[in-house]
Amino acid sequence: MQGPPQPGQMPSPEQIAHMQRQLAADAEKAGMTVPQFIEQLKKQAMEQQQRMREQQQAQQQQQQAGQPQPIVPGPPNPVALALAKFLRGQNLKPRTCILNGERKDMFKVKRALRALESPEYAKARTKNPALPEITDRASLENAFKLLPMSMLALRVTKADEHEGHDHAPVPPKKGKRVKGLWTVRIEPQQEAREDMYYVWLWEGSQVMRKVYAALALLVIFAIVLYPLWPTKLRQGVYYLSWGFLIFLGLFFAMAIIRVILFCITYFVLSPGFWLFPNLWEDVSVIESFKPVWAWHDPNPKKKKKSKPSAAVASSSAQATFSAATGQAAPATATTTATATQITTDAHQRSYLNPRVEELPDDE
C-alpha cells in the first residue's frame with residue numbers, strides 16, 4: 001500500500017483510488033453522500049480561512065492602536081463630517097489661496113490640532129457623540145486624518161509659479177516675505193505634521209447659499225415682470241423712484257450752492273464761510289450736517305511739536321554758563337534712532353578770557 005503523495009508530486013492511480021475509497025467511507029460515517037460530504041468540507045475550509053483572516057485583522061488593529069494610521073482617501077463618513085463642521089466653526093486663522101484657479105481657505109495643521117484639544121471640543125463632544133474621542137497624541141492625529149480620508153480637506157504646498165517653463169527655476173529671496181495669495185497644489189502624500197498646510201474642499205452646508213440665489217432670481221424675475229404688476233404697485237414704485245431722484249438732485253444742488261456761496265463770501269466777507277463744512281468729511285451721516293455753517297479756516301491747526309527734552313534744555317543752560325564764565329562748554333551727546341552723535345557748541349572756539357581794564361581818574 002502506497003502512502004499519500006508528496007507535496008508537488010502527482011498522485012498515482014492507486015493513490016487516487018485509495019483517496020476515493022477513504023472519502024466514501026468518511027461520507028458513509030457522516031450519513032451523507034459523497035457530493036454532500038465534499039460541499040461540507042468546502043464550507044468548513046472557507047469558515048476556517050475566514051476565522052484566520054479575522055484573527056489577523058484583530059492583531060493588526062492591536063498593533064496599530066498606539067500608532068498613527070496611514071491615510072487612504074475614501075467617501076466621507078458622518079464622523080468626518082461632524083469633525084469638519086466643528087473645525088469650520090473654530091478660528092483657525094485661515095488664509096485664502098488659489099487651487100486649480102479657485103479661491104480656497106487654507107489652514108495650518110497645528111491650529112486644527114489645538115482646536116481638537118481645546119475645552120470647546122470636549123463640550124461639543126458631549127452634545128454630539130459622533131465626534132471621535134481624543135485621549136492621546138495618536139488618537140488626535142487619527143481624528144484629524146479623517147478629513148483627508150473623506151476628501152474634506154487635503155494637504156497642499158506652495159506651487160512654483162515658474163514650474164513647466166523652459167527657463168531655470170528662480171531661487172527664492174532670503175529674508176523677504178512674499179505678499180499676496182499663494183498658488184498651491186495638492187500633495188500625493190497626505191500627512192499630518194504641525195507645520196503642514198491643508199485646504200478645505202468641504203464648504204459646509206449650501207442651503208443658505210441656495211436660498212439667497214433663489215431670492216435673487218425671484219427679484220430679477222419680478223423686475224422683468226414689471227409691466228404685469230398691479231396698477232397700485234406700479235404707481236407706488238413710480239412715486240418712490242421720483243422721490244429718490246428728487247433727493248439726489250437736491251443733494252447735488254446743495255453741494256453746488258455751498259461752493260458758490262463760499263466763493264461769494266470769500267471776497268465779500270473774508271475769509272468766507274462754508275455751508276455744512278463737514279459734508280465731505282469721513283464722519284457719520286448725522287455728523288456730516290453738523291454744524292450748519294462755519295467760517296473758513298485758511299490756516300488749519302497742525303499738531304503741536306513736542307517740547308524740547310531735558311537734555312536739550314540742560315545743554316543750552318551749560319552754553320549760557322560757559323559764555324558768562326569764559327570756560328569751554330562741555331561736549332553733549334544726542335542719541336537718535338539711527339546713530340549717536342557727539343556735538344559741541346560752535347561758539348566755544350571764539351570765547352575769550354575776561355580782562356580787567358583800568359580807567360583813568362577824572363581830574
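Over residues 211-229 the chain is 74% helix and 0% strand, with its end C-alpha atoms 24 Å apart, whereas residues 241-269 are 97% helix and 0% strand, with end C-alpha atoms 40 Å apart; helices (H or I, at least four residues) and strands (E, at least two) are DSSP runs, numbered from the N terminus. The model is predicted, so local features need pLDDT of at least 70 and side-chain atom pairs count only at pLDDT 80 or more, while totals for chains, interfaces and linings use all residues. Residues are numbered from 1 along each chain as its sequence is written, and side-chain values use heavy atoms, with hydrogens and water left out.

An unreviewed UniProt entry places the feature "transmembrane region" at residues 211-229 and 241-269; such annotations may be inferred rather than shown by experiment.

Rings of Phe, Tyr and Trp (its six-membered ring) pair if their centres lie within 6.5 Å, and planes under 30 degrees apart count as stacked, over 60 as edge-to-face and the rest as tilted. By this rule the count comes to 18 aromatic pairs, including the two tabulated here.

| Pair | Centre to centre | Angle between planes | Class |
|---|---|---|---|
| Trp 182 and Tyr 197 | 5.6 Å | 70° | edge-to-face |
| Phe 273 and Trp 295 | 5.8 Å | 80° | edge-to-face |

Because Trp 182 lies in strand 4 (residues 182-186) and Tyr 197 in strand 5 (residues 197-200), their pair ties together parts that are 15 residues apart in sequence. Trp 182 is buried, with a relative accessible area of 18%, where buried means under 20%, exposed over 50% and partly exposed in between (1.4 Å probe, protein chains only); Tyr 197, at 21%, counts as partly exposed.
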